[in-house]
Amino acid sequence: MNTSYILRRLFYGLLLMLGVVVLNFLLIRLAPGDPAVVIAGEMGGATEEMLESIREEYGLNKPVLTQLGIYIANVAQFDLGESFFFNQPVTTLIGHRIGPTILLVITAQLLSIVLGVFLGVIAARKPNGPMSAFVSVFATIGYAVPVFWTGIMLIILFASVVPIFPVEGMQSVKLRDAGFFVKTLDVLHHLILPAFTLAIIYLAQYARLSRASMLEVLGSDYIRTARAKGASEGSVLFKHALRNAALPILTVAGLQFGNLISGALLVETVFNWPGMGRLAFDSILRRDYPTIMGVLFFASFMVVVANILTDLSYRLADPRLRGR
């Protein structure tokens with residue numbers, strides 16, 4: 001693969017991250033409200049002298065552009081500041097929360113791709129059959145239903161009607177001192193509902209996309225040649241057709257990664273999942289600016305990295321792009 005292309009993509013990624021940092025800072029700092037009042041309220045008082053002391057301690061009394069310059073310089077040194085509310089470095093807070101978020105997002109991504117592509121392939125085999133009709137209806141409903149509504153319905157179903165899955169948190173309190181294997185199973189048990197809630201909308205998209213892509217590929221000459229040579233239907237579908245039909249799916253999967261992260265915020269709030277989305281929600285309520293900007297920075301970083309990796313993977317998968 002062309003090294004100059006990789007370096008160019010990394011450079012554009014850094015420029016994009018700089019733009020994200022500047023935009024996030026200005027939008028949050030120019031929003032109504034004074035974090036000094038919130039901090040003073042947590043301390044039990046809000047005299048004018050205390051407010052001025054807090055503003056001076058956190059640099060809130062400086063001009064916005066000066067604060068922006070200081071923040072960019074600190075971010076360049078991987079210093080995201082200290083949380084107003086939690087009184088801890090933001091990097092420490094995010095370090096404790098990023099693992100659950102990555103686990104939730106990656107599980108939802110894999111679940112949606114695997115099940116969505118499988119449904120799409122089966123539907124493309126008989127485009128006028130009942131499975132194809134089911135995929136079309138399912139995709140329409142899945143895409144239209146809000147993710148938080150799906151989460152609430154699943155909580156009602158599996159907390160009241162059929163209580164077989166936990167609907168809150170990431171671990172059971174009574175199993176925190178258990179062995180590694182038991183704790184892992186407990187986490188996976190708690191992960192099922194949040195991951196499915198986050199995955200269902202994208203599962204429907206991948207099912208419809210893979211169906212359309214497979215129908216196009218199945219009409220190609222090389223597919224007819226493979227069938228004429230006596231290749232089995234499974235070999236035609238999964239070895240010959242799916243390999244070429246997967247390129248648009250790969251592209252969409254990378255682009256949807258950012259939507260998965262933003263959707264995780266709602267899902268983590270609904271299921272009280274202890275990830276970055278929950279941290280962002282709590283920080284917004286408390287006007288904890290450094291933590292909010294830190295979460296947005298890390299989320300944007302994950303999206304940029306995912307897009308770069310998707311772009312490189314697409315070039316590796318398509319031989320026509322490797323030399324460009």
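Visitor: What does the side chain of threonine 291 make a polar contact with?
Guide: The side chain of serine 83, at 3.3 Å. A polar contact here is a pair of N or O atoms within 3.5 Å; within protein, one must be able to donate a hydrogen and the other to accept it, and residues adjacent in sequence count only if both atoms are side-chain atoms. Keep in mind that this is a predicted model, where local features need pLDDT of at least 70, side-chain atom pairs count only at pLDDT 80 or more, and totals for chains, interfaces and linings use all residues. Residues are numbered from 1 along each chain as its sequence is written, and side-chain values use heavy atoms, with hydrogens and water left out.

Visitor: Is threonine 291 buried or exposed?
Guide: Threonine 291 counts as buried because its relative accessibility is 0%. Buried means under 20% relative accessible area, exposed over 50%, and partly exposed in between (1.4 Å probe, protein chains only).

Visitor: And which residues is threonine 291 in contact with, leaving aside neighbours within four places in sequence?
Guide: Those are Ser83, Val90, Leu93, Leu279 and Ser283, with contact meaning heavy atoms within 4.5 Å.

Visitor: Which helix is threonine 291 found in?
Guide: Helix H13, residues 289-317. Helices (H or I, at least four residues) and strands (E, at least two) are DSSP runs, numbered from the N terminus.

Visitor: Zooming out, how many helices and strands does the chain have?
Guide: There are 13 helices and zero strands.

Visitor: What does the C-alpha trace span?
Guide: About 85 × 55 × 40 Å along its principal axes. Of the 324 residues in the chain, 40% are buried.
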